Amino acid sequence: MATLLFATAHLSPPSEAAALTKEQVEAQSAYDSALAEFKKVLAERRAQIDGKKKMPTRPGQALYLARVKVMSTYKDLTDAVPERIGRPNKFNVPPAYFDAAIEPLIQEYADLFRVLQAPPPNAQDSKTPFKDVVDLGTVIARAEGLDPTTAQKAGEISLGLFYAETNGRQNIGNARSKTYMGSLQTGTSENAKGARKWAAIKAKVRKLDPQLAARDDAEEKRAKGIDQRYNHWIAVRNGLMNAHADLFGQIPEIVKMVPDDIDQMKLFELIQIIPTPTRAALASGDFENYRITDPKIMGYLRNNAVFTFGKKDRAKKSATYREILDGMWLFDDKFKRAQKKYEEVKAGTAG
C-alpha cells in the first residue's frame, strides 16, 4: 500500500495569514478539506481491495470526484493566491491546477484504477495492441477512399484515441460506468453498430489488405461466446467504425481546418464525447469559431475533463471550439505519448 501521509497545503506564517483576505482563507480551507477527503477515499478503496471487501457498484466514481475536487479547489486557491503556483509535476498538469507535492497521491489513484479496471479473466489480449490500432485505423481510412500515405494519419489519430480512452491499456473495464468498456470504451449498441459498418466494408478491406482481413477472420472466430468488446482487435475495429470511419475520409479537409497534430486528435476525441455538435462545427466552414451554448453539451465536456477544474472554468456557459481544444489540456500528455508510440510502431520497435 502506498503511503498516504503527505503534507496538506503549505500554510502561510502567522504574519502572512493575518493579511489574507476572506476569499484567500476560504480557498485555502476548501483545498485542505478536499485534500483530506481525497486521502480518505484513497485509503478506503485501498483497504477494500487489499481486504477483498465488497465495493460500490461504480468503485471509481468517488475516487474520480475526489480527485476533481482537489484539482478544482487548488485552481481556486492559485487564482486567489497566485504565489501558490509551484513547480512542474511529472504528470504534466499545468501547475496552477496541481500541487506537485501530492504526486504520490495521484500515483496511488492511478494504481487503484489499474486494479479496479483490470480486464476480466476471459479477455482476449493482443500481442501487438498498438500496431493493431494503427493497422485498423489505416485500412479503414483506405476503405473510405484515402491513398496509402494520407491514410497513415488515420492510424496515428486512432492510436491517440486509444490513449485518450484507456491510457493505452487493452481490454480494460470501467470503474465509473457499467455501460462503457474495452479497448475503445464502447457501449453494446455502439459496438454492434460498428460491427455492422465493418461488415459492409469487409470485402473492400479484403482486397486492400488480405493479410489483415485474414487476421480479422481469426479474431471473429476466437471471440465467439464472449462479449466481443473484450477482444482487443474487435473492440478497436468496431469502436473506430462506429464513430470515426466516415470522418477518416475527410482527413485531408480536416487537416487544412485544424493543422496542429494534437488538435486533430482532440477533434476526433470530441467525436467520442459530443459527436453531433462536433460534426456540425466541421460542416460549418468555420470550425474553430463554432460556439457551443447548450448546457447539456457543456455538461458532457465537464464530465470529460474540459472546463472541469475551478470556479472560473465551471462558470463558462458557452465556448468556441478553439476554446474547447485549448481546454482539453489534460489530454495533451496522452496524445504526445500516442505520437511517440506511433513512431515506434512505424519503426517496428513496438507491438
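Helix α3 (residues 61-80) and helix α4 (residues 103-116) have axes that come within 11 Å and cross at roughly 160°. Helices here are DSSP runs of H or I with at least four residues, numbered from the N terminus. Axes are lines fitted to C-alpha atoms over the stretch in contact, with angles from 0 to 180 degrees between N-to-C directions. The model is a predicted one, in which local features need pLDDT of at least 70 and side-chain atom pairs count only at pLDDT 80 or more, while totals for chains, interfaces and linings use all residues. Residues are numbered from 1 along each chain as its sequence is written, and side-chain values use heavy atoms, with hydrogens and water left out.

The two helices α3 and α4 are therefore roughly antiparallel to each other, a label for angles over 145 degrees. The crossing of α3 past α4 is left-handed; in such a crossing the near helix is turned anticlockwise from the far one by less than a right angle. On the α3 side, Leu63, Tyr64 and Arg67 meet Ile106, Tyr109, Leu112, Phe113 and Leu116 of α4, where contact means heavy atoms within 4.5 Å. By class, this contact has seven nonpolar, no polar and one charged residues. Here Ala, Val, Leu, Ile, Met, Phe, Trp, Tyr, Cys and Pro count as nonpolar, Asp, Glu, Lys and Arg as charged, and the others, Gly among them, as polar.

Helix α3 also packs with helix α2 (residues 22-50): the axes come within 8 Å and cross at roughly 160°. Accordingly, α2 and α3 are roughly antiparallel to each other, and α2 passes α3 in a left-handed crossing. Among the α2 residues that meet α3 are Ala27, Tyr31, Phe38 and Arg45, and the α3 residues involved include Leu63, Arg67, Val70 and Leu77. The contact of α2 with α3 has 15 nonpolar, three polar and five charged residues.

Asp216 lies in helix α8 (residues 210-222) and, at 0% relative accessibility, counts as buried, meaning under 20% relative accessible area with a 1.4 Å probe and protein chains only. Beyond residues up to four places away in sequence, Asp216 touches Trp198, Lys202, Trp233 and Arg237. The side chains of Asp216 and Trp233 are joined by a polar contact of 2.9 Å, that is, a pair of N or O atoms within 3.5 Å, one able to donate a hydrogen and the other to accept it.

Gly239 is placed in helix α9 (residues 232-243) and counts as buried at 2% relative accessibility. Leaving aside neighbours within four places in sequence, Gly239 is in contact with Leu184, Thr186 and His244.

Key. Parallel < 35°, antiparallel > 145°, perpendicular 65-115°, else oblique. Buried < 20%, exposed > 50% of the residue type's maximum accessible area, 1.4 Å probe, protein only.
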